[in-house]
Amino acid sequence: MSDGQQQFMEQAIALATENVVSGRGGPFGAVIVKDGQVLATGVNHVTDWNDPTAHAEVVAIREACKKLGTFWLKDCDVYTSCEPCPMCLTAIYWSHCRTIYYGNSAADAAKIGFDDSFLYDEVRSPHHQRKIPMRKMLAEKAWESFAAWEANPNKIEY
């Protein structure tokens, strides 16, 4: 571990702690680094923004993408105070970040009430066995948007 890596992880942890102490939100912080420099940071804003997607990693990804003017973060590293939940992990993959460094594990988070293991179970479950019912409808009509995408010469692949 380099000094820079330790510094970035310490910053993510400090952000998480300050977020709790300030009363703004949960104990999660994230730092996105590009070329050895902090590009963006984020903390958990779920309760103060009334936004269930406002996890530290997602907040940091949004800020980083805005600063770079792109949805690609392929040369960036994520330092997060806790192992990303399924939503954040997926967002990191969609943004094409290079590496994820994390402090606390998902098992650690579960010990304090942030247990996301059921989400991993839900994703692996067949649609008909999920807790929130999923019902396919208007598939032929829905395909129209996919056909439009396929035919669009100006589409931006991601």
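Colour the protein chain by secondary structure to begin: this predicted model holds 7 helices and 4 strands, where helices are DSSP runs of H or I with at least four residues, strands are E runs of at least two, and both are numbered from the N terminus. Followed along the sequence, the elements of the protein chain come in the pattern α-β-β-α-α-β-α-β-α-α-α.

Residues are numbered from 1 along each chain as its sequence is written, and side-chain values use heavy atoms, with hydrogens and water left out. As the model is predicted, local features need pLDDT of at least 70 and side-chain atom pairs count only at pLDDT 80 or more, while totals for chains, interfaces and linings use all residues.

Next, select the C-alpha trace of the protein chain, which spans about 55 × 40 × 30 Å along its principal axes.

Now turn to the charged side chains, where a search of the whole structure finds 6 salt bridges, each being a side-chain nitrogen of Lys or Arg within 4 Å of a carboxyl oxygen of Asp or Glu.

One of them is found by selecting Asp-51 and Arg-62, whose side chains meet at 4.0 Å, N to O. Asp-51 sits in the loop between helix 2 (46-49) and helix 3 (56-68), whereas Arg-62 belongs to helix 3, so this pair ties together parts that are 11 residues apart in sequence. Arg-62 counts as partly exposed because its relative accessibility is 41%.

Move on to helix 5 (residues 106-111), in which Lys-111 and Asp-108 lie 3 residues apart, about one turn of the helix. The closest N and O atoms of their salt bridge are 4.0 Å apart; Lys-111 is exposed at 69% relative accessibility, and Asp-108 is partly exposed at 30%.

Finish in helix 6 (residues 117-124), where Arg-124 and Asp-121 are 3 residues apart, about one turn of the helix. Their salt bridge has its closest N and O atoms 2.8 Å apart, with Arg-124 exposed at 60% relative accessibility and Asp-121 partly exposed at 42%.

Definitions and conventions. Buried means under 20% relative accessible area, exposed over 50%, partly exposed in between (1.4 Å probe, protein chains only).
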